[in-house]
Amino acid sequence: MDHKEEALSTLQRICAELDRFIEEDTNTSLLGGYTGVALFYAYYYQLTGNEAYLDNVYRIIEKCLQAMSEEPMNGSHCSGLAGISWCIQHLSAMGFIEAEDTADTFSDIDLLVADFMETELSEGRNDFLHHGLGTALYFLERLPARIAVTQLENLVTHLEKSAITLPGGIAWKDHFSSKSQEHKDQDLFNLGLAHGIPAIIAILARCYEKGIAPGKVKPLIEHSVQWLLGARNAPGAPDQSLYPVLVTARRKVMGEAHSRLGWCYGDLGIATMLWSTGKRLQRSDYQQEGHRMFHHIAGHRDVKNGAVHDACLCHGSAGIAHILQQAGIATGDTLLMDAAGTWLQTTLQMNTWDDGPAGYKFYHHPTYINSHNMLEGIAGIGLSLISFADPGIKPAWGECMLIF
């Protein structure tokens, strides 16, 4: 079923809400604040050709640059300098910003982000969104700058030294989840794309693609993928997830074996990582396994067994719809495209809140709250809808969430 007109109507409502948001919001971050809204306007401009949306991109970037010069910030990808600067570089690559206009800014940011990366990694903090790992996306975008090469090589060396050899391969200890904080007496391993081993593999694959220490990177990927595949749940009911969230060193499940369906945790993120890593390493076996997982998701997962409570990109219906659509396009698989259409329909039916922006709210247990940002709010929902309104617009913004 074609929902293009409904998607376009919803996008107009989202845009009207974001016009107000960018004037009032004080959170500069890429995924949690107004910086990510610049991505929405840039891609919405591609869809509509309306110059007013391009003007909004420039207004947001000016606001970002001022904030970076005046406000204390950490170097993280989700909420700090690395993510904001990644966005500016992405917009430059799209042709919206002249590279020479920001050259001096990045030379200063390079050193700040490098210091953050080194400090976080030295303390074993490998989390993608909030710690040292995510800064790699900034430096991947900065290539071929010498400092970018150096920092990425240092990252690879750190991951090589910090990898734990386990039965069946290697893995990296979780330092983010609350369960790891509760069980400090044992090593736990996180299988989520937002915070765990799949993100490390996805970053390593991007380093390999760019020629960063390939002799070190390739075995790290192969041994960690081998270990990850062995952490799969024992066969169960068809609607059970294929992977858990956390496991011990011997791949014993910690907590529930069944995981939610979303970008951040669960099968969808693992499948995305396997497909994209297989493509970058020319490993058809990884791609085939990712494709099989997408098929399982399309055929067996739904709102109920996926614990889907809202429409956000992070763990809501818009994120599921977007990833399945991109998987369908990449594979030419109509089953995945049909499933993406079903999740799109779910997304369009979730804007039922009279007091929510464009009718949407984000589920923040135990209640629902208004959210405008990219990760949890309507800016991210809008980016997903743009891909359905015009599949010809390549959603390269997904790189900031390790999507394909």
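What volume does the second largest cavity have? About 40 Å³, and we'll stop there on this tour. You're looking at a predicted model, where local features need pLDDT of at least 70, side-chain atom pairs count only at pLDDT 80 or more, and totals for chains, interfaces and linings use all residues. Residues are numbered from 1 along each chain as its sequence is written, and side-chain values use heavy atoms, with hydrogens and water left out.

**Stop 1: the cavities**

A cavity, on a 1 Å grid over the protein atoms alone, is a set of points where a 1.4 Å probe fits but cannot get out, and its lining residues have an atom within 4 Å of a point. Points are joined across faces, edges and corners, and the volume is the space filled by probe spheres set on them. Searching the whole structure turns up two cavities of 30 Å³ or more.

(Ala, Val, Leu, Ile, Met, Phe, Trp, Tyr, Cys and Pro count as nonpolar, Asp, Glu, Lys and Arg as charged, and the others, Gly among them, as polar.)

Now hop to the largest cavity, with a volume of about 90 Å³. Its lining includes Trp172, His175, Phe176 and His195. By class, this lining has four nonpolar, five polar and three charged residues.

**Stop 2: the largest pocket**

A pocket is an open set of grid points with protein on both sides within 12 Å along at least five of seven lines. The largest one here has a volume of about 720 Å³. Select Arg280, Lys394, Glu399, Ile403 and Phe404: of its 24 lining residues, these are the closest to the centre. Helix 6 (135–142), helix 9 (197–209), helix 11 (267–281) and helix 13 (317–331) each give two or more residues to the lining. (Helices are DSSP runs of H or I, at least four residues, and strands are runs of E, at least two, numbered from the N terminus.) The lining divides into 13 nonpolar, three polar and eight charged residues.

**Stop 3: helix 14 and its partners**

Show helix 14 (334–348) with helix 15 (378–389): they pack at an angle of about 135°, with axes 11 Å apart. (Axes are lines fitted to C-alpha atoms over the stretch in contact, and angles run from 0 to 180 degrees between N-to-C directions.) That makes the two helices oblique; angles under 35 degrees count as roughly parallel, over 145 as roughly antiparallel, 65 to 115 as roughly perpendicular and the rest as oblique. On helix 14, the contact (heavy atoms within 4.5 Å) uses Ala340, Leu344, Thr347 and Leu348, and on helix 15 Ile381, Leu385 and Phe388. These divide into six nonpolar, one polar and no charged.

Pick out His291, Phe294, His295 and Ala298 of helix 12, facing Leu335, Leu336 and Ala339 of helix 14 in the contact.

**Stop 4**

Zoom in on Leu143 to Pro144, a cis peptide bond with omega near 10°. Pro144 is in the loop between helix 6 and helix 7 (146–162). His365 to Pro366 is another cis bond, with omega near 10°, and Pro366 lies in the loop between strand 5 (362–364) and strand 6 (367–369). Finish at Arg251, which has a positive phi of about 60° although it is not a glycine.
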